[in-house]
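Hi,

Here is the model I promised to pass on.

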Amino acid sequence: FYLSFYAFENKMRSLGFAFAVPTTDGAQNMFATGLYDLALACVNSAEGKEVTSNDMEYKEGEEFLVVTGPNQGGKTTFARSLGQLVYFSKMGLDVPALAANVHIFTDILTHFSVEESIETGRGKLQEELMRLKPMMEENCTNAFVVINELFTTAANYDAIIMGQKVLQHFIGQDCRGIYVTHLKELTEAHEKVVSMRAMLDEQGKQNHKIIRKEAEDSACAINQVNKYRLTYEQLKERLS
């Protein structure tokens with residue numbers, strides 16, 4: 001396995017993708033520079049497309065990154081890249097980044113959104129709760145947690161309350177992780193939460209950069225307005 005990974009890594013390096021030997025200094029902040037999603041890199045390299053890299057850091061007292069921003073802005077990709085960073089480090093592999101210091105975690109817990117199950121007859125929210133239940137019941141002290149878009153079918157008020165409970169639970173278990181959401185209220189769910197946001201370029205299009213920034217209401221709305229050509233000028237042109 002390790003020889004195969006080394007051959008794969010050399011191939012990706014030849015295509016211009018960086019790998020780094022991660023340090024594991026628990027006394028220093030966990031960080032990564034030039035972090036990217038290796039699975040996306042494999043697909044994009046075959047299609048001749050660029051891959052956007054991002055930086056991340058957990059400063060002292062920070063346990064969860066809560067990522068908001070427009071749809072298709074790179075939030076889920078960023079979450080995957082962070083999960084890969086921890087997973088590869090646990091296996092003793094080089095990581096897809098320019099440099100990284102990764103803390104040692106007891107486990108990796110993930111929860112990604114899935115569609116409703118026809119076989120079980122359960123709705124999407126029930127499916128999410130059924131999959132989340134064992135994660136929250138087991139002893140997950142010092143685990144790394146990746147959560148992507150929970151409770152999207154619930155009313156916003158209910159989703160905020162449930163999301164806050166999830167974050168508070170895992171932080172209370174001394175876990176660290178990332179929570180991707182469309183709810184900006186979750187960026188204030190706990191003092192150990194830090195807000196990150198998927199950005200738009202000057203034309204209002206996604207550039208897949210994720211930075212430390214407060215959440216805002218308008219990012220997704222502006223993105224959708226431009227996507228479906230619903231600006232004032234465009235509507236006026238259609239109706240005239």
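When I say that two residues touch or are in contact, I mean heavy atoms within 4.5 Å. On provenance, this is a predicted model, with local features needing pLDDT of at least 70, side-chain atom pairs counting only at pLDDT 80 or more, and totals for chains, interfaces and linings using all residues. Residues are numbered from 1 along each chain as its sequence is written, and side-chain values use heavy atoms, with hydrogens and water left out.

Let me start with strand E3, residues 64–68. Helices (H or I, at least four residues) and strands (E, at least two) are DSSP runs, numbered from the N terminus. I call a residue buried under 20% relative accessible area, exposed over 50% and partly exposed in between (1.4 Å probe, protein chains only). Five of the five residues in E3 are buried, so the strand is largely enclosed by the rest of the structure. Phe 64, Val 66 and Thr 68 point one way, while Leu 65 and Val 67 point the other way.

What does E3 pair with? For pairing, DSSP has to find at least two bridges between two strands. E3 runs parallel to strand E7 (residues 176–180), with four bridges joining them; Val 66 has Tyr 179 as its bridge partner there. E3 also pairs with E8 in the parallel sense, over five bridges, and in that case Phe 64 is partnered by Val 193.

E8 itself covers residues 193–200 and includes Met 199. Met 199 counts as buried because its relative accessibility is 16%. Beyond its neighbours within four places in sequence, Met 199 is in contact with Lys 205, Gln 206, Asn 207, His 208, Lys 209, Ile 211 and Lys 213.

Gln 72 is not a glycine, yet its phi is positive, at about 60 degrees. With a relative accessible area of 63%, Gln 72 is exposed. Phe 151 is another non-glycine residue with a positive phi, near 60 degrees, and sits in the loop between strand E6 (144–148) and helix H5 (156–172). Is Phe 151 buried or exposed? It is buried, because its relative accessibility is 1%.

An α-helix has 3.6 residues a turn, so residues three or four places apart point the same way. Ser 81 is at 2% relative accessibility, which is why it counts as buried. Leaving out residues up to four places away in sequence, Ser 81 touches Leu 35, Tyr 36 and Asp 37. Just after H3 comes Gly 92, with a positive phi of about 80 degrees.

Finally, the cysteines. Taking a disulfide as a pair of cysteine sulfur atoms within 2.5 Å, the count is zero. Cys 175 is in no disulfide, and the nearest cysteine sulfur, from Cys 140, is 3.8 Å away. Cys 175 is buried at 0% relative accessibility, whereas Cys 42 is partly exposed at 30%.

Cheers
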